[in-house]
Amino acid sequence: MNNTRVVVVAPTYNEKGSIEKAIKLILAQNGKIPGFDIHVLVSDSSSPDGTGGIAKNIAKHEEKVHFLDVKERGLGLAIIKGYEYALNNLNADILMQIDADLQHDPNDIPKFLEKINEGYDYVQGSRYVRGGLNKISPMRQLFSFGSSLVMRILTGIWQISDFTPSFKAYTKELYLKMDKDSIPWHGTTFLIQPAAVVEAYRAGANMIEVPITFG
């Protein structure tokens with residue numbers, strides 16, 4: 001029986017100081033939850049600092065590492081183009097997303113896969129559930145918490161307490177049902193993340209959060 005393939009999309013722009021370590025940590029999660037085959041896709045927005053060259057070189061020697069050069073700069077574009085590449089070229093069953101600057105801890109990845117095993121098709125990383133940790137300034141914490149509270153009130157999505165982190169996982173089936181055109185992929189603000197939560201909810205997602213550390 002084939003393992004379920006997980007493609008972790010890591011959008012990058014000037015991440016040369018962390019990308020190699022991030023890739024190693026992501027790949028190190030293989031085997032922690034049986035039945036999953038974890039790959040990394042570095043979706044780079046033509047970083048001028050050489051991030052793309054580092055990732056491309058690793059991909060030449062590591063079959064579970066893949067590289068996509070996204071010509072147009074933008075976090076949302078790097079994410080959506082990464083997802084589409086993962087589906088169309090890498091046979092992804094599960095799409096994940098993680099920050100490549102190590103503000104997200106790749107050691108949290110097994111928590112997401114456990115929930116996928118339990119039957120959830122959208123798993124959101126959260127700093128506000130038991131076990132979550134938010135290592136940012138008090139002002140940023142207040143902004144993040146307030147933004148998420150407003151989103152909960154406006155959308156009625158009470159299953160999710162933290163709308164802004166980009167650490168998340170979808171099943172292929174859910175992603176294909178979502179209205180991707182309603183998500184502002186070309187935007188430059190954090191609104192990409194809560195918009196994705198809303199569209200997953202509208203598509204009928206069985207949603208849950210897992211605790212993450214944001215550093």
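**Close-up views of selected side chains**

**View 1. T164 lies in the loop between α5 (138–155) and β7.** This is a predicted model, in which local features need pLDDT of at least 70 and side-chain atom pairs count only at pLDDT 80 or more, while totals for chains, interfaces and linings use all residues. Residues are numbered from 1 along each chain as its sequence is written, and side-chain values use heavy atoms, with hydrogens and water left out. Helices (H or I, at least four residues) and strands (E, at least two) are DSSP runs, numbered from the N terminus. T164 has a relative accessible area of 16%, so T164 is buried; buried means under 20% relative accessible area, exposed over 50%, and partly exposed in between (1.4 Å probe, protein chains only). The side chains of T164 and R127 are joined by a polar contact of 2.9 Å. A polar contact is a pair of N or O atoms within 3.5 Å; within protein, one must be able to donate a hydrogen and the other to accept it, and residues adjacent in sequence count only if both atoms are side-chain atoms.

**View 2. D162 and R127 form a salt bridge, their closest N and O atoms being 2.8 Å apart.** This pair links distant parts of the chain, with D162 in the loop between α5 and β7 and R127 in the loop between β5 and β6 (133–134), 35 residues apart. A salt bridge is a side-chain nitrogen of Lys or Arg within 4 Å of a carboxyl oxygen of Asp or Glu. D162 is buried at a relative accessible area of 0%, and R127 is buried at 8%.

**View 3. K24 and E20 form a salt bridge, with closest N and O atoms 3.8 Å apart.** Both residues lie in helix α1, four residues apart, or about one turn of the helix. K24 is exposed, with a relative accessible area of 55%, whereas E20 is partly exposed at 41%. The structure holds eight salt bridges.

**View 4. A search of the whole structure finds five aromatic pairs.** The ring centres of Y83 and Y170 are 5.6 Å apart and the planes are at 80°, so this pair is edge-to-face. Y83 lies in helix α3 (residues 75–89) and Y170 in strand β7 (residues 168–171), so the pair ties together parts 87 residues apart in sequence. The rings of Y122 and Y170 are also edge-to-face, because their centres are 5.2 Å apart and their planes at 75°. Y122 is in strand β5 (residues 122–126) and Y170 in strand β7, 48 residues apart. Rings of Phe, Tyr and Trp (its six-membered ring) pair if their centres lie within 6.5 Å; planes under 30 degrees apart count as stacked, over 60 as edge-to-face and the rest as tilted. Y122 is buried at 0% relative accessibility, and Y170 is buried at 1%. Ring pairs link Y83, Y122, Y170 and Y175 into a cluster.

**View 5. The charged end of K180 sits over the ring of Y175, 4.5 Å from its centre.** R73 lies over the face of Y13, at 3.8 Å from the ring centre. A charge sits over a ring if NZ of Lys or CZ of Arg is within 6 Å of the ring centre and within 35 degrees of the ring normal.
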